[in-house]
Amino acid sequence: HHTEDGIHTAVTDGFHFVLSPTKTVAHQQADALGFLPKDPADGSLVEVCLHAFNVCQSISNRIATEAGGGSALIVDYGDKAIWKDTLRGFHKHTEVSVLKSPGEVDLTSDVNFGHLQKMFAASAPAPEAGSAPTPLAFLGPIPQKSFLHAMAIADRANVLCQNVGPREANAIKLQVHKLTEDMGMRFKFAVVIGNRSGAPM
């Protein structure tokens with residue numbers, strides 16, 4: 001959170017969220033990775049999932065060891081940049097406070113794909129002595145709707161509808177509509193590939 005006296009990390013005392021008066025380790029790591037805005041407005045907020053860096057590093061190492069470069073497809077709800085609080089709690093399909101009934105509430109937040117891109121760039125493994133580097137290319141994110149249409153979901157649905165009855169065909173059409181329209185802009189797709197050409201991330 002950015003206030004009139006600088007950026008502060010939100011921490012919990014078990015019952016409420018409060019702002020840390022000093023820089024936390026998470027704050028320092030987020031700053032080092034370039035996730036904090038350089039000229040933020042008062043009241044602005046940025047969420048950072050530092051654990052994701054370890055995941056990105058593991059994926060990067062796997063891609064680097066694949067003979068053909070390897071690739072990873074990342075799918076989740078989120079956006080290229082997020083400047084708001086998206087942390088939410090759910091219990092029995094109902095949204096509740098994230099601090100309600102610790103251990104019994106499912107927690108979720110939107111994925112900041114811009115952060116993932118920076119994490120992959122920072123976690124790309126260094127080449128071994130005498131070998132060429134295996135740079136990574138991060139492509140996306142694009143909306144689920146665009147991805148599925150590019151993968152010919154409409155053509156596939158039409159083929160399926162030709163081989164079932166009217167009721168099943170209508171169910172297929174409803175499912176396609178849900179994936180491409182109801183959820184089509186909420187979910188995003190991104191891909192990380194071993195970039196042999198050396199094009200920038």
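Predicted model: local features only at pLDDT ≥ 70, side-chain atom pairs only at ≥ 80, totals over all residues.
- Helices here are DSSP runs of H or I with at least four residues, strands are runs of E with at least two, and both are numbered from the N terminus.
- Q144 counts as buried, at 7% relative accessibility; buried means under 20% relative accessible area, exposed over 50%, and partly exposed in between, using a 1.4 Å probe and protein chains only.
- Its side chain gets to within 2.7 Å of a backbone atom, namely the oxygen of L179.
- Leaving aside residues up to four places away in sequence, Q144 touches L179, M183, G184, F187, K188 and F189 (contact means heavy atoms within 4.5 Å).

**The salt bridges at D110**

- You'll find 3 salt bridges in the structure, each one a side-chain nitrogen of Lys or Arg within 4 Å of a carboxyl oxygen of Asp or Glu.
- One of them joins R88 to D110, with the closest N and O atoms 3.2 Å apart.
- That pair ties together distant parts of the chain: R88 is in strand β6 (residues 88–91), while D110 is in the loop between β8 (106–108) and β9 (111–112), 22 residues apart.
- R88 is buried at a relative accessible area of 15%, and D110 is buried too, at 14%.
- R186 also forms a salt bridge with D110, and here the closest N and O atoms are 3.1 Å apart.
- This pair again links distant parts of the chain, 76 residues apart, with R186 in the loop between α6 (166–182) and β11 (187–194).
- R186 is partly exposed, at 36% relative accessibility.
- Put together, R88, D110 and R186 are linked in a network of salt bridges.

**The salt bridge between two helices**

- K145 pairs up with E181 in a salt bridge, the closest N and O atoms being 3.3 Å apart.
- K145 belongs to helix α4 (residues 144–150) and E181 to helix α6, so the pair links distant parts of the chain, 36 residues apart.
- K145 is partly exposed, at a relative accessible area of 28%, and E181 is partly exposed as well, at 37%.

Methods
Residues numbered from 1 in each chain as written. Heavy atoms only, no water. Polar contact = N/O pair within 3.5 Å; in protein donor to acceptor, adjacent residues only side chain to side chain.
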